[in-house]
Amino acid sequence: MPARFTSLLVGLALGLSACTRPPPDPAPAGPRMEIDYEAARAMMVDDIVRQHRAQRRQPGMPREISAAVLAALRATPRHEFVPEEQRPFAYADTPLPIGAGQTISQPYIVALMTELAGVRAGANVLEVGTGSGYQAAVLDHLGARVHTIEIIPELARAAAATLARLGHTRVETRIGDGYAGWPEAAPFDAIIVTAAPDETPAPLIAQLAPGGRLVIPVGPEYGVQDLLLITKDAAGAVTTTRVTGVRFVPLTRERD
Ligand code: SAH
C-alpha cells in the first residue's frame, strides 16, 4: 500500500474516533445556570389568567380564576413535584411525566378545577389521584382539610414525602382505589378527581355534602373526556354541568 494512502487511512480513523469520543465533561468551574423559578411561576400564573380570559365565555366556565386560587398557585413550587429532569419545564403550561406512566396535570387545568371546586379555608376536600401531590399542595395553600388518595403505591409514597418535605403536614394521604372515595372522612365540601372514569363513581356523589361540588373528567380512556361540575344542593338534588373537553389518564380500578 503506498505510504500516502496508509497515512490517509490512519488519519481518517483518528478523525472518526475523535468524532465518536464522548463530549468533554461540562465546564467544572463558573456559576451554574440557575433557573429563576419564582419568576417562571409568576409568568405561569399570568399565562393562566390570559388563557382563562379567552375561554371564560364558554358555557359552564367560571367567570374568573379567583385571587385566592391564583395566590395558591403562586405559592406552590411546581418544580418540587416533578422529576429532576423535568424541572426546566415545570412552569410551562403542559402536563409532565411523573413516573409509572402518570402525569402531573397542566397548570391551567389545575387552576380551572380548583376554581370550579369552590374551595374555601376550612373546607373538607377529597382528591382522587394524588399523582405528584401538586394539586393537594395547592388545596392545602387554600386552607382546605385535604384528603388525597392514590392507587399506585410508589407514587403515593413519593407524593407523601414531597408534601412532608414542603411542610404540608395537614394533608392526609392514603394508598387505595379512590373510586370508593374515603368514607371515614366524608362528607366532603369538594371532591376533585384527576383521573378519568367512564362514568361518575356513585360513592363520590354519595360522599358529597349538601352544597358540595364534585369536579371530574368523565369519558373514554385516552380520548377527550368531559370535565364535569356536579353539585349537590341543600336538599340533596344533584345537577351536572359540562365545562370543557380535557384529556386525563384513566381512573383504574383495584381489579385492573
Ligand atoms: N393530581 C395529580 C395528577 C394526577 S395524574 C397531581 O397533581 O400531580 C392521575 C393519578 O390518578 C395517577 O397518579 C394515577 O395513578 C391515579 N389514579 C388512577 N386511578 C386511580 C384510582 N382508582 N384511585 C386513586 N388514584 C388513581
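The text below moves from pocket to ligand to backbone.

This is a predicted model, in which local features need pLDDT of at least 70, side-chain atom pairs count only at pLDDT 80 or more, and totals for chains, interfaces and linings use all residues. Residues are numbered from 1 along each chain as its sequence is written, and side-chain values use heavy atoms, with hydrogens and water left out.

Rolling a probe the size of a water molecule over the atoms shows where empty space is left. Here a pocket is an open set of points on a 1 Å grid over the protein atoms alone, where a 1.4 Å probe fits, with protein on both sides within 12 Å along at least five of seven lines. The largest pocket has a volume of about 400 Å³, a volume being the space filled by probe spheres set on the points. Its lining (residues with an atom within 4 Å of a point) holds 30 residues, and Gln102, Gly129, Glu150, Ala195 and Val249 are the closest to the centre. By type, 14 are nonpolar, 13 polar and three charged; Gly counts as polar in this scheme.

Which elements build the lining of the largest pocket? Strand E2 (102-104), strand E3 (124-128), helix H5 (134-141) and strand E4 (145-150) each supply at least two residues. E2 gives the largest share, three residues. Elements are DSSP runs, numbered from the N terminus: helices (H or I) have at least four residues, strands (E) at least two.

The ligand takes the space of the largest pocket, by the test that more than half of its atoms lie within 2 Å of the grid points. The elements that give two or more residues to its shell are E2, E3, H5 and E4. In total 27 residues surround the ligand, each with a heavy atom within 4 Å of it. The closest are Ser132, Glu150, Asp177, Gly178 and Thr252. The shell divides into 11 nonpolar, 13 polar and three charged residues.

Now the polar contacts (pairs of N or O atoms within 3.5 Å). A ligand oxygen is 2.6 Å from a side-chain N or O atom of Ser132. A ligand nitrogen is 3.1 Å from a side-chain N or O atom of Thr194. At Thr252, a polar backbone atom is 2.5 Å from a ligand nitrogen. Taken alone, the ligand exposes 590 Å², and the protein buries 99% of that; areas come from the Shrake-Rupley method with a 1.4 Å probe.

Finally, the backbone. Most residues other than glycine have a negative phi, and most peptide bonds are trans. The Ala186 to Pro187 bond is cis, with omega near 5°. Pro187 is in the loop between strand E5 (172-175) and strand E6 (188-193). Ala100 has a positive phi, near 55°, and is found in the loop between strand E1 (96-99) and E2.

Notes
Polar contact = N/O pair within 3.5 Å; in protein donor to acceptor, adjacent residues only side chain to side chain.
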